[in-house]
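Q: Could you take me through this protein? I would like to begin with the sheet and then ask about other parts.

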Amino acid sequence: MSRYVDLMSRTQRLLVTAGEEASRFGLPDADIDHLFLAVLLSDSTAGEALRRSGITLDTARDAVARYHTCQLQSLGLTTSLPEHDSVAKSPQPQGSNWTHRTQIVLNSVKLKDSDELEAQVLRNLLNEPSGVIAGILESLEVTPARIDAELATLTAPPAHNSAHSADSPEAAEHFYIPAAPDPVMRFLLDPNNMKFWGPQYAVVEFHGDPHNPLPGDIWTGYTSGESEREHRTLPTATDGRAPRVISPRPDRAPTRTRHVSEQIELLERRNDRISWRFTSLDKPRTNARRVEVTLKPSEEGTRLKATLLWDTEANQEQQSALGLRLKALALRPMRPILRRLQRQAVAAQLSNIGNSISRVFR
C-alpha cells in the first residue's frame, strides 16, 4: 500500500478514535486530551512509548477526568464530567467537531521520511502551550522527558501494507487492542459478535455449534438492505437504529436484493489466528474477500494484525478467456487509477474491521 494511502488511513483512525473518546465524556468537540488518548490507543511507536511509560487506558481516562474536574473547581463549579463508559452514536470526526487548539496540533504535523504520524502528533501534544497535556501527565506521575526517552529507543516499524497483485489486492494493518489475546479470540470466535465488527451486519445466522465453531462451518450475515427473501425482523443495529421489519409488499413488483446477505465460511482457527471467507449470496460475481486476524501479546494488551485479500479467481472463472483479455485491454489506461482506488478501498475495510474490534474492548 502506498505511503499516501497508509497516511490517510492512520489519520482517519486517529480522528475517529479521538472523536469516540470525546463522546465518552459527553462532549461534542474533540480536544487535545482526546487526541492524546487516541495516540495511546494507536499501534505505533508513539502509543508504545506511552504504554511503556506506565500509562494505561484506564489511568489515562481517569487523569483526563480529574484534570477537567480540577479546572471546573478552580472556577467555583462543582459539576463533573459524565462517566466515560460508552461511545455516543456515530461520532463524526468532522472539522467542526474539533477545538481550535486540536486543529493547530494536527495542522502542525510535518512528516519526514522516518517519522510516524502518531509520533509527530505526540511531540506536538507534549509541546502544546496550554498546559493541558502537562497537567494530565503530572497527574499520571509521568514526565515528558520520560516519554521522549522511550520514544527515542523505539524505531518506527516498516510499512505493514503491501499489494499482493494488481488483480487481487492484499493488504494488512496492525491495531492495538486494550485487552489480553484470549478474550479477544473468544470474542472473534462467537458468531453472534460478527455483527459488531463485520460489514454492517444486522443479524448473523450460524449453522452448527455456536459455542465451538470449527473450520468449514458456514454462517450467513444479513445487512439492513431491502430484500424480498422472507418476512424478517432485524434486531437493533450497532449504531442504535430501531429494528426494521423486512417483508414482501403486495402492492408493488418485487425489488432487487441489494447485497443484503453474505456467506461467511470459517477457514482457519488457531490459538492466535483465525480467518474467514466472505462471499455474496445476492451477487455471485462480486469478488469474495478473505479476512485473517492474528493476535500477539503487546504492552498491556494485544497487537492485532488484520489481513484482507480480494479473491478474484471465482469471478474470473465465470468469464471466458477472450472476455478477460478484452477487459484487460479496455482497462489498461485506467490501471494506475484503479489500483489506487483498490488500495484505498482495502485500507478502508481494514480500518473498519480493526477499529470495530478495538472499540468493543475500549
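**The sheet and beyond**

Q: In what order do the seven strands form the open sheet?
A: The order is β1-β9-β8-β7-β6-β3-β2, with antiparallel pairing. Strands (E, at least two residues) and helices (H or I, at least four residues) are DSSP runs, numbered from the N terminus. Two strands pair if DSSP finds at least two bridges between them.

Q: Which strands stand at the edges?
A: β1 and β2 (203–207) do; each has a single partner strand, so one side of each lacks a neighbour in the sheet. On average, neighbouring strands of this sheet are turned by 20 degrees against each other, direction ignored.

Q: Before we continue, what kind of model is this?
A: This is a predicted model, in which local features need pLDDT of at least 70 and side-chain atom pairs count only at pLDDT 80 or more, while totals for chains, interfaces and linings use all residues. Residues are numbered from 1 along each chain as its sequence is written, and side-chain values use heavy atoms, with hydrogens and water left out.

Q: Back to the strands: how many bridges join β1 to β9?
A: Eight bridges join β1 to strand β9 (residues 301–311), and the two run antiparallel. One of the residues involved is I177, whose bridge partner in β9 is T302.

Q: Is β1 (residues 170–177) mostly covered or mostly open?
A: Strand β1 is mostly covered, since seven of its eight residues are buried. Buried means under 20% relative accessible area, exposed over 50%, and partly exposed in between (1.4 Å probe, protein chains only).

Q: And how do β6 and β7 pair?
A: β6 and strand β7 (residues 273–280) pair in the antiparallel sense over seven bridges. In β7, R277 is the bridge partner of E265.

Q: New topic: how many salt bridges does the structure hold?
A: The structure holds 14 salt bridges. A salt bridge is a side-chain nitrogen of Lys or Arg within 4 Å of a carboxyl oxygen of Asp or Glu.

Q: Why can such side chains pair?
A: Side chains of opposite charge can pair when their charged atoms come close.

Q: Which residue forms a salt bridge with E262?
A: R289 does, and the closest N and O atoms are 3.0 Å apart. This pair links distant parts of the chain, with E262 in strand β6 (residues 261–269) and R289 in strand β8 (residues 288–298), 27 residues apart. E262 counts as buried at 4% relative accessibility, and R289 counts as buried at 13%.

Q: What about E21 and R24, where are they in the chain?
A: Both lie in helix α1 (residues 3–24); being three residues apart, they are separated by about one helical turn. E21 is buried at 0% relative accessibility, and R24 is buried at 5%.

Q: Is R270 buried or partly exposed?
A: R270 is partly exposed, at 45% relative accessibility. The side chain of R270 meets that of E268 in a salt bridge of 2.8 Å, N to O, and E268 is buried, with a relative accessible area of 18%. Elsewhere, salt bridges that share partners join E20, E21, R24, R61, R359 and R362 into one network.

Q: Now the helices: at what angle do the axes of α2 and α6 cross?
A: The axes of helix α2 (residues 32–40) and helix α6 (residues 117–126) cross at roughly 140 degrees and come within 10 Å. Axes are lines fitted to C-alpha atoms, for helices over the stretch in contact, and angles run from 0 to 180 degrees between N-to-C directions.

Q: How would one describe that arrangement of α2 and α6?
A: α2 and α6 are therefore oblique to each other. Angles under 35 degrees count as roughly parallel, over 145 as roughly antiparallel, 65 to 115 as roughly perpendicular, and the rest as oblique.

Q: Which residues make the contact?
A: I32, L35, F36 and V39 of α2 meet E118, V121, L122 and L125 of α6. Contact means heavy atoms within 4.5 Å.

Q: Is α2 largely enclosed or largely open?
A: Nine of the nine residues of α2 are buried, so this helix is largely enclosed by the rest of the structure.

Q: Last one: where is E141?
A: E141 is in the loop between α7 (132–140) and α8 (144–153). E141 counts as exposed, at 72% relative accessibility. Its phi is near 60 degrees, a positive value in a residue other than glycine.
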